[in-house]
Amino acid sequence: NQYLVDKLLTAGYTQSLIDECVFYKGSVIFIVYVDDGIFLGPTDSELTQSVKTLQQMGLDIEDQGHPSDYVGVNIKHFKNGSYEFTQQALIEAILDDVGLAS
């Protein structure tokens, strides 16, 4: 959606050259998938400010708290600041398709 891209660029985000659905601004990353988006960043205050800025620009964005699952991807955040992304449902479907499901 070019409208969203234009708003993000106006807000100072840079669109990834690798994946057009990923945007960066400082230490905040915004990932778009169809009509869903997710902010990732080191502090809650940075994420809250990012949401508020885009809301003030007229974007209809809701803060739904910390995600544990996003479009079928399970997300774990560890104390050391790292993240782990897994797709258990996809893994199980593949194992079932090839006859390796338990």
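This is a predicted model: local features need pLDDT of at least 70, side-chain atom pairs count only at pLDDT 80 or more; totals for chains, interfaces and linings use all residues.
Colleague: Is Phe 85 buried, partly exposed or exposed?

Modeller: Residues are numbered from 1 along each chain as its sequence is written, and side-chain values use heavy atoms, with hydrogens and water left out. Buried means under 20% relative accessible area, exposed over 50%, and partly exposed in between (1.4 Å probe, protein chains only). Phe 85 has a relative accessible area of 45%, so Phe 85 is partly exposed.

Colleague: How are the ring planes of Tyr 83 and Phe 85 arranged: stacked, edge-to-face or tilted?

Modeller: Rings of Phe, Tyr and Trp (its six-membered ring) pair if their centres lie within 6.5 Å; planes under 30 degrees apart count as stacked, over 60 as edge-to-face and the rest as tilted. The structure holds 2 aromatic pairs. In one of them, Phe 30 and Phe 39 have ring centres 4.4 Å apart and planes at 35°, so that pair is tilted. For Tyr 83 and Phe 85 the centres are 6.3 Å apart and the planes are at 35°, so this pair is tilted.

Colleague: Which residues is Cys 21 in contact with, leaving aside its neighbours within four places in sequence?

Modeller: Contact means heavy atoms within 4.5 Å. Cys 21 and Ile 31 are 10 residues apart in sequence, yet 5.7 Å apart in space, C-alpha to C-alpha. The contacts of Cys 21 are Phe 30, Ile 31 and Val 32.
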